[in-house]
Amino acid sequence: MSFTTIIFLLFLPLVFCVHWVLPRRTARNTWLVAASYFFYGYWDYRFCLLMFISSMVDFTIGLALHRTASDRRRKALLVLSLVSNLGLLGAFKYLGFFVESFRELAGVFGFDAASGTWEIILPVGISFYTFQTLSYTIDIYRKKLEPTTRLADYLAFVSFFPQLVAGPIERASRLLPQFQRDRRCRWANICEGLPRILWGFFKKIVVADSLAVVVQASYADPSLSSGPALMLATFFFAFQIYADFSAYSDIAIGTARLFDIRLMQNFAYPYFSQSIWEFWQRWHISLSTWFRDYLYIPLGGNRESRWRRNKNILITFLVSGLWHGAAWRFIAWGGLHGAASIGLRPGSDRRSQMELERPGGNSLIPPVSTVFRMIGTFVLVSLFWVFFRASSMSDSLLILKKMVLEFTSTAGYTELITGYLSGGPVFSSLNLVLALVLMEWFQRHLHHPLQVLHWPKPLRWAVYTATFWFVAEYAGRLPDNPFIYFQF
């Protein structure tokens with residue numbers, strides 16, 4: 001079930017009403033588990049069994065880890081959790097990739113490996129809930145968390161439907177205690193949650209789905225598109241994937257507030273970052289901090305020599321790239337971000353905490369040097385997105401080649417200007433990007449631009465109403481595109 005469907009708009013009020021009618025926490029959590037499995041099984045009911053098996057393995061291991069004092073047995077239990085979770089993830093997501101890579105490598109050396117087609121259905125959200133359950137057993141092993149003996153609380157933590165399919169990837173130490181306490185239906189939570197849901201719908205339906213039309217037209221067959229057209233499509237894709245993915249997080253966070261659950265902030269205006277390093281402090285924060293805590297730091301983190309630290313950074317980003325997709329272009333994407341993080345990492349970051357919280361500083365008009373750093377970082381990130389969006393590694397290289405060789409193509413720019421002046425998709429897309437950037441710049445000290453509860457009531461409701469009608473208008477005329485991160 002997707003957020004941007006009529007069935008979800010019927011499903012959410014029903015789940016909300018029944019949840020708050022139920023008198024006790026256990027009953028509410030049980031209801032959330034049932035609703036979440038229905039939400040997940042709406043794609044394919046077989047996925048539910050896989051998620052339940054994965055959940056029960058870690059629930060059992062968590063209890064066993066807490067009961068034993070033997071270091072040797074604790075390590076064996078942790079390895080069992082890692083092998084079972086990563087084994088399932090590898091079998092469904094990466095088996096076909098490794099087999100095909102082996103065939104290609106064998107062909108290079110003159111061996112004819114057996115051919116065939118692998119048709120393995122990738123369960124929606126498996127990468128997300130696998131990392132979430134792993135955080136549970138790892139934190140218990142590290143003695144940072146005590147396991148719960150209440151199965152309903154644990155299953156609610158794993159399967160909570162707002163963030164089940166595409167995050168944020170919550171830590172057990174942060175989310176599980178919220179299911180273990182008594183929650184209340186608060187009007188303040190509703191006033192906080194609904195505008196954030198509305199903002200998520202605006203970014204997805206109005207911005208991301210509009211940009212998708214232009215991006216698809218150029219990326220469908222790069223050989224038929226000019227270099228300038230591919231540059232514009234790449235620029236639009238940078239905003240498409242941001243609007244699309246952050247929209248899912250906004251809807252998830254807003255929906256969770258309706259149930260008195262607070263999910264972590266997953267995006268913090270990443271395109272106002274002044275370095276690649278800062279970008280990863282603002283983009284998909286739940287994943288980047290997960291890799292930091294469970295991979296980068298265990299590898300040695302910053303405690304090692306400079307060479308080892310750089311190696312740890314590169315390994316972390318390569319694994320992150322592979323997490324995003326079973327293809328060499330995703331590994332290349334991760335590797336490029338790793339190399340840029342090493343080569344362009346600031347020697348010393350003297351910016352204040354306020355500037356980290358409010359990107360670009362407090363000034364309405366930032367210094368020229370800040371603007372150049374933000375633009376440079378955005379351009380670099382956008383170029384890396386080529387590997388993420390293209391259909392193959394060869395297409396990625398072709399797109400970059402055409403963008404470089406045809407950079408001064410007069411005909412290509414003339415075509416774009418003509419398309420803009422004609423008032424077509426290019427015109428509307430540029431206007432939407434500009435509107436999004438301006439709204440986020442002016443409201444960047446807040447979690448999202450529709451966080452306007454402090455505004456006068458007439459103005460506040462005028463903003464809500466205008467946003468709603470934009471969503472309704474675009475929903476009726478644009479094709480329904482699934483969230484991009486559903487494939488991960």
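Let's start with the lining of the second largest cavity: five nonpolar residues, three polar and no charged ones. Here Ala, Val, Leu, Ile, Met, Phe, Trp, Tyr, Cys and Pro count as nonpolar, Asp, Glu, Lys and Arg as charged, and the others, Gly among them, as polar. The residues that line this cavity are Leu50, Ser54, Asn85, Leu88, Leu89, Ile126, Tyr129 and Thr130. Helices H3, H4 (71–108) and H5 each give two or more residues to that lining. The helices are DSSP runs (H or I, at least four residues), numbered from the N terminus. The space inside is about 30 Å³.

A quick word on what we're looking at. This is a predicted model, where local features need pLDDT of at least 70, side-chain atom pairs count only at pLDDT 80 or more, and totals for chains, interfaces and linings use all residues. Residues are numbered from 1 along each chain as its sequence is written, and side-chain values use heavy atoms, with hydrogens and water left out.

So what is a cavity? Rolling a probe the size of a water molecule over the atoms shows where empty space is left. On a 1 Å grid over the protein atoms alone, a cavity is a set of points where a 1.4 Å probe fits but cannot get out, while a pocket is an open set with protein on both sides within 12 Å along at least five of seven lines; lining residues have an atom within 4 Å of a point. Grid points are joined across faces, edges and corners, and a volume is the space filled by probe spheres set on the points.

How many cavities of 30 Å³ or more does a search of the whole structure find? Two.

The largest pocket holds about 950 Å³ of space. Of its 33 lining residues, Leu194, Ile197, Leu198, Phe201 and Phe468 are the closest to the centre. Helices H1 (6–21), H9 (187–219) and H20 (457–475) each supply at least two residues of the lining. The classes here are 26 nonpolar, three polar and four charged.

The second largest pocket comes in at about 490 Å³. It is lined by 17 residues, with Trp277, Trp280, Gln281, Ser288 and Arg292 closest to its centre. At least two lining residues come from each of H11 (276–282), H12 (285–299) and H13 (306–324), and the largest share, seven residues, is from H12. This lining has eight nonpolar, seven polar and two charged residues.

Next, how helices pack. Two packed helices are described by the angle between their axes and the distance between the axes. Axes are lines fitted to C-alpha atoms, for helices over the stretch in contact, and angles run from 0 to 180 degrees between N-to-C directions. Under 35 degrees counts as roughly parallel, over 145 as roughly antiparallel, 65 to 115 as roughly perpendicular and the rest as oblique.

Back to H3 (residues 46–67) and H5: their axes come within 9 Å and cross at roughly 5°, so these two are roughly parallel. Their contact (heavy atoms within 4.5 Å) includes Leu50 and Ser54 of H3 and Ile126 and Tyr129 of H5. It has eleven nonpolar, five polar and one charged residues.

H5 (residues 126–141) also packs on H8 (residues 172–179), at about 95° with axes 9 Å apart, so H5 and H8 are roughly perpendicular. Tyr136 of H5 and Leu175 of H8 are among the residues making that contact.

Last topic, aromatic pairs. Rings of Phe, Tyr and Trp (its six-membered ring) pair if their centres lie within 6.5 Å; planes under 30 degrees apart count as stacked, over 60 as edge-to-face and the rest as tilted. The count comes to 60 pairs. Take Phe8 and Phe39: their ring centres are 6.3 Å apart and their planes at 70°, so the pair is edge-to-face. Phe8 sits in H1 and Phe39 in H2 (residues 25–41), so this pair ties together parts that are 31 residues apart in sequence.
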